[in-house]
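Here's a quick walk through the fold, the core and the charged pairs. Have the viewer open while you read.

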Amino acid sequence: MGLDIYLISPDQENLSKSDQGGIFIREGGQTKQISRSEWDIRYPGVEPTVFIEGKDRGEVFSTSLTHNLGLMAREAGLYGVMWHPEENGIITASDIIPHLEKGLITLVIEKERMKPYNPSNGWGSYDLLFSVTQEYLRAAHKFPEAKVEVCR
């Protein structure tokens, strides 16, 4: 289990990569999409399940993080707003933008302080938290009116 983050904008056409259908795997504490050719290399002779995400809900962005990054996210000031946006007054993407920006600055400036929070089991990392936060911020700027939803 992990944290799934969604930006929902029913009025927008779903522009995510997975709109065309996708093959998703868990790797390194994150759900990631891979191509059919990559699947065939990894799992020869096994048919994947293709998942079409978000068409009915108007998802314009989705990502996931392992809960193993919760402590690092807390240290960077991101835990409350990413894991529990509803408890922090975050309804739309525009509400979370300043928090993600501040968290990214903290991650950059205090990178060495964050390293001890890398999960010892290898599921999740500083780099993962940093890249997911960057992607989330880009999507929030692109779809500021989208509703923020999470599944924990």
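This is a predicted model: local features need pLDDT of at least 70, side-chain atom pairs count only at pLDDT 80 or more; totals for chains, interfaces and linings use all residues.

The mean pLDDT of the protein chain is 87, and 86% of its residues reach 70 or more. The stretch to watch is residues 14-19, where pLDDT stays under 50.

## The overall layout

The protein chain has 6 helices and 5 strands. Reading from the N terminus, the order is β-β-β-α-β-α-α-α-α-α-β.

Of the 152 residues in the protein chain, 44% count as buried. Take the contacts between residues at least 6 apart in sequence: 75% of them join residues at least 24 apart.

In soluble globular proteins, nonpolar side chains tend to be buried together. Here the largest nonpolar core holds 34 residues, and the members that touch the most others are Leu7, Leu65, Met82, Leu107 and Tyr136. Two or more residues each come from β1 (2-8), β4 (59-66), α2 (70-75), α3 (79-83), α4 (93-109) and α6 (126-142). Helix α6 gives the largest share, 8 residues.

What does leucine 65 touch, leaving aside its neighbours within four places in sequence? Its contacts are Gly2, Leu3, Gly29, Met82, Trp83, Leu128, Leu129 and Val132. Serine 64 sits in strand β4. Is serine 64 buried or exposed? It counts as buried, because its relative accessibility is 3% and the cut-off for buried is under 20%. Not counting residues up to four places away in sequence, serine 64 touches Leu3, Asp4, Arg26, Gln30, Thr31 and Val132.

## Out on the surface

Now for a nonpolar spot on the outside. Ile105, Val108 and Ile109 make a nonpolar surface patch of about 320 Å². Valine 108 has its place in helix α4. With 51% relative accessibility, valine 108 counts as exposed, because the cut-off for exposed is over 50%.

Histidine 141, in helix α6, is partly exposed, with a relative accessible area of 45%. Leaving aside neighbours within four places in sequence, histidine 141 is in contact with Ile97 and Glu101. Histidine 141 and alanine 93 are 48 residues apart in sequence, yet their C-alpha atoms are 7.5 Å apart in space.

## Salt bridges

Side chains of opposite charge can pair when their charged atoms come close. The count for this model comes to 9 salt bridges. One of them joins arginine 42 and glutamate 38, at 3.0 Å from N to O. Why are these two separated by about one helical turn? Because they are 4 residues apart in helix α1 (residues 36-42). Both ends are partly exposed: arginine 42 has a relative accessible area of 30%, and glutamate 38 comes in at 28% relative accessibility.

Another salt bridge brings together glutamate 75 and arginine 113, with the closest N and O atoms 2.5 Å apart. That pair links distant parts of the chain, since glutamate 75 is in helix α2 and arginine 113 is in helix α5 (residues 111-114), 38 residues apart. Glutamate 75 counts as partly exposed at 31% relative accessibility, and arginine 113 counts as partly exposed at 36%.

Then there's glutamate 86, whose side chain meets that of arginine 152 in a salt bridge (3.1 Å, N to O). Glutamate 86 lies in the loop between α3 and α4, while arginine 152 is in the segment after β5 (147-151), so the pair ties together parts that are 66 residues apart in sequence. Glutamate 86 is partly exposed at 46% relative accessibility, as is arginine 152 at 37%. Shared partners also join Glu27, Lys32, Glu38 and Arg42 into one salt-bridge network.

Technical notes:
Residues are numbered from 1 along each chain as its sequence is written. Side-chain values use heavy atoms; hydrogens and water are left out. A nonpolar core is a set of buried Ala, Val, Leu, Ile, Met, Phe, Trp, Tyr and Cys residues joined through side-chain atoms within 4.5 Å. Buried means under 20% relative accessible area, exposed over 50%, partly exposed in between (1.4 Å probe, protein chains only). Contact means heavy atoms within 4.5 Å. Patches are made of residues with over 30% relative accessible area and no salt bridge: like charges are joined within 9 Å, nonpolar side chains (Val, Leu, Ile, Met, Phe, Trp, Tyr) within 5 Å. Accessible areas come from the Shrake-Rupley method with a 1.4 Å probe; for residues, only the protein chains shown count as cover. A salt bridge is a side-chain nitrogen of Lys or Arg within 4 Å of a carboxyl oxygen of Asp or Glu. pLDDT is the predictor's confidence in each residue, from 0 to 100.
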